[in-house]
Amino acid sequence: MTSTPNKAVSPSRTALPRYGQMLGPEAQGILVLDEFTIDPAAARKDQHRFRDGMATVARTVRRIAALRVVIALVAIGNLPLFLLGSGWWIYGVSLTLVVAVHAAVTLLNRHEPRLKQRSALELHMHRERSANYRKVRDAVKYMIDTPTRMNEHLYLELLAVKRVALNLAHGTVALLDTSDESAWKVRIVRELHAS
């Protein structure tokens, strides 16, 4: 019995893996790690929401820092008032300022985590409501482990129609194709340097 040779499987019929697709020869060694589409209308709204959310967090931190500076100035200003003044009323004013500064510091220390958490929670809710953000996050999280704020900056840079470096050491980048107005295509690719 003669064995029949195995039929060659055509490349068009083989199932390409989701990760590790090689582009054509004209791509000059670019490996496609992931490819998906995002909604342009939602992406434009996300830009404003994420920028506003990050600005709220930064504004809260700045206000807390400014309040601490004011408390410190009041505390430092109390010393010359106490040393250079005379009379019982100076002792009363100084004691009142010391108690007020202590109460303000105690109150700030108690409420500072809550204020930061509230502004960070608003930003977290924007993240969880955004399907586009989750797609980008899920596409890159297997490659790099970055803080959340880096993912937000990455997402905003991507929406600014830029070629975004995700991992410079490995040459991994995100590419945004906006030629189709109904659905923007995102490709996470890795540039394979020729040896």
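Author: Below we take some of these words in turn, for a model that is predicted.

Reader: Let us begin with rings. How many aromatic pairs does a search of the whole structure find?

Author: The search finds three aromatic pairs. One of them is formed by Phe50 and Tyr155.

Reader: What makes Phe50 and Tyr155 an aromatic pair, and why is the pair called edge-to-face?

Author: Their ring centres are 5.5 Å apart, and the cut-off for a pair is within 6.5 Å.

Reader: How do you know whether Phe50 and Tyr155 count as buried or exposed?

Author: Buried means under 20% relative accessible area. Phe50 has 0% relative accessibility, so Phe50 counts as buried. Tyr155 is also at 0%, so Tyr155 is buried as well.

Reader: What type of aromatic pair do Tyr133 and Tyr155 form?

Author: Tyr133 and Tyr155 are edge-to-face too: the planes stand at 80°, which is over the 60 degrees needed. Their centres are 5.6 Å apart, again within 6.5 Å. Tyr133 is buried, like Tyr155.

Reader: What links Phe50, Tyr133 and Tyr155 into a cluster?

Author: Ring pairs do that.

Reader: Which residues touch the most other members of the largest nonpolar core?

Author: Among its 24 residues, they are Phe36, Ile38, Tyr155, Leu158, Val186 and Ile188. Helix α4 gives the most to this core, five residues. As for Val186, its contacts beyond four places in sequence include Phe36, Ile38 and Leu158.

Reader: Now the largest pocket. What is its volume, and which element gives the largest share of its lining?

Author: The volume is about 180 Å³, and α1 gives the largest share of the lining, five residues.

Reader: How do the residues of that lining divide into nonpolar, polar and charged?

Author: Two are nonpolar, three polar and four charged. Among the lining residues, Arg59, Arg63, Arg118 and Glu122 count as charged, because Arg and Glu both belong to that class.

Definitions and conventions: Residues numbered from 1 in each chain as written. Predicted model: local features only at pLDDT ≥ 70, side-chain atom pairs only at ≥ 80, totals over all residues. Heavy atoms only, no water. 1 Å grid on protein atoms, 1.4 Å probe; cavity = no way out; pocket = protein on both sides within 12 Å on 5 of 7 lines; lining within 4 Å. Points joined across faces, edges and corners; volume = space filled by probe spheres on them. Helix = DSSP H or I, 4+ residues; strand = E, 2+ residues; numbered from the N terminus. Phe/Tyr/Trp six-rings, centres within 6.5 Å; stacked < 30°, edge-to-face > 60°. Buried < 20%, exposed > 50% of the residue type's maximum accessible area, 1.4 Å probe, protein only. Core = buried A, V, L, I, M, F, W, Y, C linked by side-chain atoms within 4.5 Å. Contact = heavy atoms within 4.5 Å.
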